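Here is a friendly briefing for anyone about to work with this model. Take a look at the sequence and structure first, and then we can walk through the main features together.

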Amino acid sequence: MKKIPVLLMGCGGVGRHLLQHIVSCRSLHAKMGVHIRVIGVCDSKSLVAPMDVLKEELNDELLSEVCLIKSTGSALSKLGALEKGGYRVVHDSELSTETEEIAKLLGKSTGLAVVDCSASMETIEILMKAVDLGCCIVLANKKPVTSTLEHYDKLALHPRFIRHESTVGAGLPVIASLNRIISSGDPVHRIVGSLSGTLGYVMSELEDGKPLSQVVQAAKKLGYTEPDPRDDLGGMDVARKGLILARLLGKRIIMDSIKIESLYPEEMGPGLMSVDDFLHNGIVKLDQNIEERVKKASSKGCVLRYVCVIEGSSVQVGIREVSKDSPLGRLRGSDNIVKIYSRCYKEQPLVIQGAGAGNDTTAAGVLADIIDLQDLFH
């Protein structure tokens, strides 16, 4: 049985679903000759790990308890009562040091997959050290691969040791497909994608004549948006995904070089207007402009889509008019779609489409990435 030790950073929605997938897939993985050893789970304040990470692991009962505790919004420190049962809980100031010690212990011996399912910049330092220690890296967190070029170069130095499929399109095989095209020597010259399930939903709902304010409020109630919908409407999430794809193509660009069209003006930004004020007073003022753009597009047989376009050294993110009959124009709901144009896919691009959001789907992509690393473990 091939064993893959895993240290999970981040136990929010995606992290919890990942642990649930690992537990529920035990029999499937056993048939594949693989066993995932979860030897540590940490949130922003605590780490739970077995007393001996070389020989022991967090059993499935404890992993289920972790998921239950985190689903209530509590910290992992609630597991402190279990320390006498062969597990230990490390808190606050010792968290980073202990995480690094585990990486040192396992990185050079049995190997270790450090999995980042957080949404934090604070994990980058630990990831950099993990790379130096020979650990594998699996990411759902987009921030490490959209940070400085120095950080990116270090993570990408050994491409066989890093997997980050779920940073773009959740569980969709966007990065894997792109890597296959690149490694075959087929030059990619253009990528066009609708990369936000939230904005995909908003744009398709606008087609039916609904005002932007109503659509966004409905999306928030359905749980499609962040607590502050402006985190989606500002386009930064799409820009990060565009930056990841551009860097895969070898573009030496940073976030500041990406042209981003926000759906709200600066004077309605988080620092100047509360969430409630924006939802009840601010966004209503944007309805007329968007309605006029929808009607103008419709008169040409087009619809509006919020897309990312990568071409040459340029990455642009914003609203575009697309034909109703095109793959982008037919997109409905929260699905993602990516079109890749290359020498081989010149006239008819490679089109990848499907559910591009959701904790369950994203976690499934992360688990697939972990299993894909199995050849690097004993």
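The C-alpha centres of domain 1 and domain 2 lie 31 Å apart. This is a predicted model, so to speak of local features a pLDDT of at least 70 is needed, side-chain atom pairs count only at pLDDT 80 or more, and totals for chains, interfaces and linings use all residues. Residues are numbered from 1 along each chain as its sequence is written, and side-chain values use heavy atoms, with hydrogens and water left out.

**Domains and how they meet**

- Domain 1 covers 2-170 + 360-376, and domain 2 covers 184-355; these bounds come from an automatic or database domain assignment.
- Across the boundary, 15 residues of domain 1 are in contact with 15 residues of domain 2, where contact means heavy atoms within 4.5 Å.
- UniProt, in an unreviewed entry, lists residues 173-371 as "domain: Homoserine dehydrogenase catalytic". UniProt positions are given in the numbering used here, feature names are shortened, and annotations may be inferred rather than shown by experiment.
- The span 173-371 is 41% helix and 22% strand, and its end C-alpha atoms lie 15 Å apart. Helices (H or I, at least four residues) and strands (E, at least two) are DSSP runs, numbered from the N terminus.

**Nonpolar cores**

- The largest nonpolar core has 79 residues, and Leu112, Ile137 and Leu245 touch the most other members. Such a core is a set of buried Ala, Val, Leu, Ile, Met, Phe, Trp, Tyr and Cys residues joined through side-chain atoms within 4.5 Å. Buried means under 20% relative accessible area, exposed over 50%, and partly exposed in between, using a 1.4 Å probe and protein chains only.
- With seven residues, α11 gives the most to this core.
- Both domain 1 and domain 2 give residues to this core, so it lies between them.
- A second, separate core holds 37 residues, including Leu18, Leu76, Val138 and Phe377.
- Not counting residues up to four places away in sequence, Ile137 touches Val114, Leu127, Ala130, Val131, Leu155, Phe161, Ile162 and Arg163.

**Lys241, an annotated position**

- The "active site" feature of the unreviewed UniProt entry is placed at Lys241.
- Lys241 sits in helix α11, which spans residues 236-248.
- Lys241 counts as buried because its relative accessibility is 6%.
- Apart from neighbours within four places in sequence, Lys241 is in contact with Lys142, Thr167, Val168, Leu195, Ser196 and Asn336.
- At 2.6 Å, the Lys241 side chain reaches the backbone oxygen of Leu195. For reference, a polar contact is a pair of N or O atoms within 3.5 Å; within protein, one must be able to donate a hydrogen and the other to accept it, and residues adjacent in sequence count only if both atoms are side-chain atoms.

**Thr123, a buried loop residue**

- Thr123 is found in the loop between β5 (113-116) and α5 (124-132).
- A relative accessible area of 8% makes Thr123 buried.
- Leaving out residues up to four places away in sequence, Thr123 touches Met9, Asp116, Ser118, Asn141 and Pro144.

**The six-stranded sheet**

- Six strands form an open sheet in the order β9-β11-β10-β8-β12-β13, with mixed pairing; two strands pair if DSSP finds at least two bridges between them.
- β9 (259-260) and β13 (350-355) stand at the edges with a single partner strand each, so one side of each is left without a neighbour in the sheet.
- β9 and strand β11 (residues 314-323) run parallel and are joined by two bridges, with Lys259 opposite Gln316 in β11.
- β10 and β11 run antiparallel and share 10 bridges; Cys308 has Val317 in β11 as its bridge partner.
- A hairpin is formed by β10 and β11, with two residues between them, and Gly312 in the turn has a positive phi of about 60°.
- Strand β8 (residues 188-194) pairs with strand β10 (residues 302-311) in the antiparallel sense over four bridges, and Arg190 stands opposite Glu311 in β10.
- β8 also pairs with β12 in the antiparallel sense, over six bridges; there, Ser194 has Ile337 in β12 as its bridge partner.
- In strand β12 (residues 335-342), seven of the eight residues are buried.
- β12 and β13 run antiparallel, joined by six bridges, and Val338 stands opposite Ile352 in β13.
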